[in-house]
Amino acid sequence: MFDKILIANRGEIAVRVIRACKELGIRSVAVYSQADVDSLHVQLADEAICIGEAPSKESYLKIDRIISAAEVADVEAIHPGYGFLSENAHFAEVCEGCNIKFIGPPSSAIRAMGDKVAARETMRKAGVPVVPGSDGPVGSEEEALKIARKIGYPVIVKAAGGGGGRGMRVAHNDPSLVKAYHTARSEAERAFSNATVYLEKYVEDPRHIEFQILADRKGKTLHLGERDCSIQRRHQKLLEESPSPVMTSDLRKKMGKAAIKAAETVGYVNAGTIEFLLDKNGDFYFIEMNTRVQVEHPVTEEVTGIDIVKEQLRIAAGEELAFDQKNIEFNRCAIECRINAEDPFNNYQPSPGRIEFLHVPGGHGVRVDKHVYSGYVIPPYYDSMIAKLICYGRDRRTAMDRMARALDEFILRGPKTTIPLHKLILKDPNFRRGRYSTSFVDRLMSTANQAGLQLPTEDKK
Ligand code: ADP
């Protein structure tokens with residue numbers, strides 16, 4: 001096992017990795033920007049090195065500074081977390097070139113899955129079902145119109161280098177497609193410096209179901225079951241649960257097999273996630289692979305009892321997976337609510353600033369992964385997620401009741417958060433019955449708005 005590693009990230013995921021390191025007897029080195037001096041990851045790591053100014057481009061995305069920090073601290077490996085450089089194949093190559101282990105897949109696998117157009121093609125050839133759409137990038141609005149007429153409206157224009165729900169536009173007819181094509185391209189150019197877009201059939205009211213994969217260097221690839229991530233705002237996940245309320249053991253077998261096939265096709269090693277859309281007929285389609293640890297990995301950990309971050313470290317250190325597919329049991333139900341510093345009732349506007357007071361819930365079956373505390377000032381430069389509340393129990397009802405109880409116990413004064421929205425979701429009869437799709441949150445919000453929703457006073461702060 002490694003003796004010392006560096007974590008090229010911030011926030012709760014940096015804290016999460018430090019915790020795994022401590023339990024495995026690995027020394028940890030944090031890197032931080034000038035805006036993160038007071039962040040918990042800096043205080044919890046064994047060493048901490050400042051790598052630049054607040055904007056990510058000047059710090060967490062600066063490969064040369066991170067490598068210099070790794071060399072100065074003399075670490076054997078780098079954990080990239082999620083976001084930032086975690087899916088940057090060049091960064092993985094630079095690490096390997098400097099004799100530092102990248103705690104993630106080989107750069108070739110990142111590359112193969114990083115371009116979504118190429119990934120679709122690779123999956124199609126491997127026999128993994130993909131959403132009907134364009135064969136490659138779409139070069140002009142005429143071409144987009146031709147393909148859309150062939151596959152039928154509605155369609156979705158997506159960015160080849162996309163992520164975080166950006167560079168994606170739905171179109172229901174020719175004029176809206178022309179508009180969607182140009183907006184998606186310019187958004188993709190701005191966000192990813194890559195204007196390449198492609199077209200998919202827009203699957204109506206699907207569920208987003210993803211499979212957690214673990215693969216070791218000896219060629220053993222397993223799945224840890226699924227997560228249902230259909231509760232989304234603007235195509236970004238908000239609440240995730242495992243198992244999916246619609247999963248059957250037959251479907252899990254089928255989707256799990258396709259997910260393993262997808263990972264094996266690109267020579268995948270380490271932890272990764274295969275994302276699918278499941279339509280109303282029970283047909284599923286690959287949409288993308290995330291070649292890193294996911295924000296929502298804790299729900300799988302609570303269901304299976306497997307520590308995914310420790311497995312990442314073991315795999316990167318060359319160890320074999322100590323269990324087989326048949327040993328993986330799905331004994332519990334777990335739900336995660338993303339607590340973001342944003343105003344769900346005002347267009348999800350970010351709400352950075354000082355946390356005047358924070359009390360997090362506890363008790364049986366409650367886990368809180370976070371990097372903030374009372375008095376912490378949320379900087380405006382980074383992602384708005386400040387905590388993840390995970391609740392689990394023997395069955396879905398217990399997990400839901402526990403989550404509702406824990407959300408009531410969660411007190412955060414200062415910035416606005418997604419907590420009131422989560423409370424609404426947990427109360428919704430359709431959610432309680434497990435009947436929901438990716439359009440659930442939009443529908444819930446428009447009903448709430450029409451009803452002139454009054455929030456409880458303590459939620460208005
Ligand atoms: P990103 O990489 O930006 O997260 P994804 O391809 O993973 O993009 O898609 C994110 C979300 O967008 C999905 O969970 C789903 O809600 C929606 N989406 C993507 N593709 C389609 C599609 N073809 N039909 C319907 N919804 C889609």
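**Exercise 1.** Work out how many residues of helix H10 (residues 297-304) are buried.

*Solution.* Start with the terms: helices are DSSP runs of H or I with at least four residues, strands are E runs of at least two, and both are numbered from the N terminus. Buried means under 20% relative accessible area (1.4 Å probe, protein chains only). Next, go through the helix: His 297, Pro 298, Val 299, Thr 300, Glu 301, Glu 302, Val 303 and Thr 304 are buried. That gives eight of eight, so H10 is mostly covered, by the definition of buried. Finally, step past the end of H10 to Gly 305, which has a positive phi near 75°.

A word on the model: it is predicted, local features need pLDDT of at least 70, side-chain atom pairs count only at pLDDT 80 or more, and totals for chains, interfaces and linings use all residues. Residues are numbered from 1 along each chain as its sequence is written, and side-chain values use heavy atoms, with hydrogens and water left out.

**Exercise 2.** Find the polar contacts (pairs of N or O atoms within 3.5 Å) that Gly 165, Glu 288 and Gly 164 make with the ligand.

*Solution.* Take Gly 165 to begin: one of its backbone N or O atoms is 2.6 Å from a ligand oxygen. For Gly 164, a polar backbone atom is 3.2 Å from an oxygen of the ligand. Glu 288 uses a polar side-chain atom, 2.7 Å from a ligand oxygen. On its own the ligand has 550 Å² of accessible area (Shrake-Rupley method, 1.4 Å probe), and the protein covers 96% of that.

How values were computed
Buried < 20%, exposed > 50% of the residue type's maximum accessible area, 1.4 Å probe, protein only. Polar contact = N/O pair within 3.5 Å; in protein donor to acceptor, adjacent residues only side chain to side chain.
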